[in-house]
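Visitor: I would like to learn how to read a sheet and a chain contact in a structure. Could you take me through one?

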Number of protein chains: 2
Amino acid sequence: MENIDLTNALRKMITGLGTAKKRHAEQCFVAEGTRCVLEIMGHLRCRYLVSTADWYGEWSCRVADVEHLIIVAQGEIARLSQQKSPQPVLAVFYMPHRPERLSELNEGLYLALDCVQDPGNLGTIIRLADWFGITDIICSRDTADAFNPKVVQATMGALARVGVHYVNLAEFLRNVSLPVYGTFLNGENLYESELSTDGIIVMGNEGNGISTEVAEAVTRRILIPPFPDGRQTVESLNVGVATAITVAEFRRRSVNTKRN
Amino acid sequence: MENIDLTNALRKMITGLGTAKKRHAEQCFVAEGTRCVLEIMGHLRCRYLVSTADWYGEWSCRVADVEHLIIVAQGEIARLSQQKSPQPVLAVFYMPHRPERLSELNEGLYLALDCVQDPGNLGTIIRLADWFGITDIICSRDTADAFNPKVVQATMGALARVGVHYVNLAEFLRNVSLPVYGTFLNGENLYESELSTDGIIVMGNEGNGISTEVAEAVTRRILIPPFPDGRQTVESLNVGVATAITVAEFRRRSVNTKRN
């Protein structure tokens, strides 16, 4: 680890990572705050760790795999930060590369996102995927960018463990051997459906649901029933909430299957 | 319904409803967009309906219980709007008053929120409460305001059906006869716990969970297990996600109980 100064060029590069174009050119992204930075630290290589002297004094024992350390005043971090309340640490990590995992999808449970556009929703989904042991999420190319600062903060560090891949989703799903589940208003009650331990669960766009092309690749249509079933309610659940309920039910069944 | 003009005083009053103080003084709140306005329309009395002539032409058949109609150009709505992409309709509704419901909590399933601070999370929770037939949510006084414009938009109209009450939560829970559930890291596995059909489920603050004082009123501690149980993961789930998984499991059991 090398101690360096914060130059104007470096300042410009780090703030530039707020745009998708720069993130992909540099293959780097920014994480902010103690919890988020420390969760990712050690899982992904850190290009720049920018912190106050106090922060580094307190947390240096947890710092690992860092190329460059930059100690600055809190005011400097605020200038680099995308957060309303900047914390005393911010880090630039190299993006993980895990394309090989996509060719191995013949067992396990995965998520596929068809044009999920809100960064907060995507972050929530990555975080719950981690909680439920889902290692990979396959996204349509028009889904939000997983390395957008708003997504990174909402994942609470889960990006270190969960791989997020961008593909032609309809084509990908047509060629996969696992069962493909999707939630639809005319689907079968989730709690009365047979759910396999392995599979891909497709979640759709916030306003429009699953696109026609992707829907054609869905082999099993399910529905989260309102309570009591059939009563008047909001038209739909938030996509993060619907994903959570569906994944939790798959995992509950899978634990029960192993026990029986 | 009376057709009136948009005066400066009215403009000021409507934009003023962006603050909690003005909302409580007027006992009114703002909802924006076709879906949100029409969901609430008819459930709550509408003080002002502000729309373009085109919008009114298309939707007048769905308009009900409106005191004053104000037809303006789209640019006028944009000046009143709190949204990034203003829609051609915005409405001021009277807040519902349902304090009597609180004295009737001796059966049914309810949510209690202990200092949930993010408006998006509160909106998501109100929306899923509606989906799962939860009629009332009891909040600590430091929980976000349910009539904050960000909350109203995130509820997708569910505020019309779900009552949100602000009380001294610890005191309220100590005096209630229903079982009080809460999620804790040292709680019992949700899927292995006995869950009653009636009860109150307490969800805590985004960063700190349930406060000590409220925790003392919780009679049954539960935990959403990660998968596989015991592996390293993010420290917690988003509060909207955790609420969704917990409520869905209560409702699933309750349907199963009725069947058996």
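This is a predicted model: local features need pLDDT of at least 70, side-chain atom pairs count only at pLDDT 80 or more; totals for chains, interfaces and linings use all residues.

Visitor: What is the order of the strands in the open sheet of chain B?

Guide: Strands of a sheet pair through backbone hydrogen bonds, either parallel or antiparallel. Here the 6 strands follow the order S8-S7-S6-S10-S9-S11, with parallel pairing; strands (E, at least two residues) and helices (H or I, at least four) are DSSP runs numbered from the N terminus, and two strands pair if DSSP finds at least two bridges between them. Strands S8 (163-167) and S11 (220-223) of chain B each have a single partner strand, so one side of each lacks a neighbour in the sheet.

Visitor: How many bridges join S6 to S7 of chain B?

Guide: S6 (residues 109-113) and S7 (residues 136-140) of chain B run parallel and are joined by 3 bridges, and B:Leu111 has B:Ile137 in S7(B) as its bridge partner.

Visitor: Which chain B residues touch chain A?

Guide: In chain B, 27 residues are in contact with 27 residues of chain A, where contact means C-beta atoms, placed from the backbone, within 7 Å. H10(B) gives the largest share of that side of chain B, 7 residues.

Note on methods: Residues are numbered from 1 along each chain as its sequence is written. Chains are lettered from A and ligands numbered from 1 in the order in which they are written. Two residues are in contact if their C-beta atoms, placed from the backbone, lie within 7 Å.
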